[in-house]
Amino acid sequence: MTTDSRTFHLGPHSVRRIGYGAMQLAGPGVFGPPADRGAALSVLREAVARGVDHIDTSDVYGPHVTNQLIREALHPYPDGLVVATKVGMVRGPTGSWDPAFSAAELERQVHENLTNLGKDVLDLVYFRASFGATGPAEGSIEAPLTALAELRRRGLLRSIGLSNVTRAQIDEGRSVTEIVAVQNHYNLVHRDDDTLVDALASDGIAYVPYFPLGGFTPIQSRVLDEVAERVGATPMQVALAWLLRRSPNVLLIPGTSSVAHLVENLASDSTSLDARDVERLNLLSSVA
Ligand SMILES: NC(=O)c1ccc[n+]([C@@H]2O[C@H](COP(=O)([O-])OP(=O)(O)OC[C@H]3O[C@@H](n4cnc5c(N)ncnc54)[C@H](OP(=O)(O)O)[C@@H]3O)[C@@H](O)[C@H]2O)c1
């Protein structure tokens with residue numbers, strides 16, 4: 001159910017299609033504190049002041065740093081703000097991202113998220129699969145999903161999503177419990193999930209692309225620059241506008257540590273692309 005073109009549902013919540021991804025607020029390598037804590041808090045407060053009602057985070061960012069910043073900046077949380085988090089990994093002492101998804105590890109991570117965010121119940125928890133080194137890879141998710149469903153039954157979380165998963169894992173996950181969102185790597189030049197985006201749209205499930213701007217190295221392209229100039233927007237606004245236009249179930253979580261970039265990203269729904277722009281931008285995935 002889409003209430004209008006600017007919102008989509010995340011479980012029981014209707015959220016604006018442009019949200020905010022908090023990963024960039026931690027220190028370099030998403031490890032340790034940010035250089036400027038005050039600036040990080042300002043980005044979060046400005047996001048909510050400008051109507052953001054969907055923030056994506058994880059206790060692995062920092063670790064714990066990003067969630068603690070969110071709590072400091074925004075607690076007590078305004079009604080309607082969905083803070084989505086991810087479990088299934090932990091950080092090693094030098095910053096490695098280590099799979100951790102036994103039932104006991106997931107329960108501990110859920111409790112750590114609750115504590116660091118200062119919440120009684122988590123709004124949305126993604127199980128972040130880590131069977132492959134560089135992207136989704138097959139492997140059964142039945143056991144971790146069963147564990148998360150049990151934590152939901154106990155009232156610790158409201159909704160469950162999946163991240164970094166294959167179509168087969170989504171089907172397996174949906175046979176265990178309700179899945180309200182899928183968060184995978186997807187953007188203008190990384191379109192492995194094209195078929196999946198459409199399939200999830202048909203099933204009314206939100207698709208939340210991570211790295212919507214290209215991640216640590218934002219997308220650069222002459223075509224993107226040319227389209228941006230034609231429509232009077234910035235290249236990053238065009239990249240986000242392309243995603244908004246891609247499918248109504250796409251919810252954006254662009255990440256930034258800068259208020260200026262935040263403001264720019266939130267305005268990307270005013271960028272209007274015509275069919276010819278989209279045709280040109282679509283070709284970028286085949287040359288990337
Ligand atoms: N599930 C997963 O495995 C997974 C993995 C990665 C990320 N995520 C989630 O996805 C969210 C988004 O991903 P991301 O933050 O890594 O990547 P992203 O949103 O694709 O891009 C972030 C990068 O773009 C820059 N940027 C942002 N807005 C800009 C603008 N208007 N102009 C120029 N540069 C701009 C940022 O630098 P500045 O700080 O200088 O603006 C940063 O370097 C994360 O915050 C996280 O919540 C999930």
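Predicted model: local features only at pLDDT ≥ 70, side-chain atom pairs only at ≥ 80, totals over all residues.
**Entry 1**

I looked up the strand order. The model has an open sheet of seven strands, and the order reads E3-E4-E5-E8-E9-E10-E11, with parallel pairing. I then checked which strands lie at the edges. They are E3 (20–21) and E11 (206–207), each of which pairs on one side only.

**Entry 2. Strand E8**

I picked E8, residues 122–128, and asked how many of its residues are buried. I found seven of the seven to be buried, so E8 is largely enclosed by the rest of the structure.

Next I looked up the partners of E8. With E5 (residues 82–87) it pairs in the parallel sense over four bridges. Here I noted Lys 86 opposite Tyr 126 of E8. With E9 (residues 157–163), E8 pairs over six bridges, again in the parallel sense. I wrote down two positions along this pairing: Phe 127 stands opposite Leu 162 in E9, and Arg 128 stands opposite Ser 163 in E9. As a reminder to myself, side chains in a regular strand alternate between the two faces of the sheet.

I also followed the chain from E8 to E9. Helix H4, residues 142–153, belongs with these two strands to a β-α-β unit, and the unit is right-handed.

**Entry 3. Helix H7**

Which residues of H7 (residues 222–231) are buried? I listed Leu 224, Val 227 and Ala 228. They span an arc of only 100° around the axis, so they lie on the same side of H7. On the face turned away from that buried side I found the exposed residues Arg 222 and Glu 229.

I then looked for what covers the buried residues of H7. The cover includes helix H8 (235–246) and helix H10 (275–282). One more note concerns the backbone: just after H7, Gly 232 has a positive phi of about 70°.

**Entry 4. Around the ligand**

I looked up the shell around the ligand and found 28 residues. Which of them come nearest? They are Gly 21, Met 23, Leu 213, Gly 255 and Thr 256. I sorted the shell by residue type and got 11 nonpolar, 13 polar and four charged residues. Helix H9 (residues 259–266) supplies the largest share of the shell, namely three residues.

Notes:
Residues numbered from 1 in each chain as written. Buried ≥ 20, exposed ≤ 12 C-beta atoms within 10 Å, placed from the backbone. Pairing = 2+ DSSP bridges. Right-handed = clockwise from strand over helix to strand, strands pointing away. Near = placed C-beta within 6 Å. Nonpolar A, V, L, I, M, F, W, Y, C, P; charged D, E, K, R; others polar. Arc of directions from axis to C-beta. Contact = placed C-beta atoms within 7 Å.
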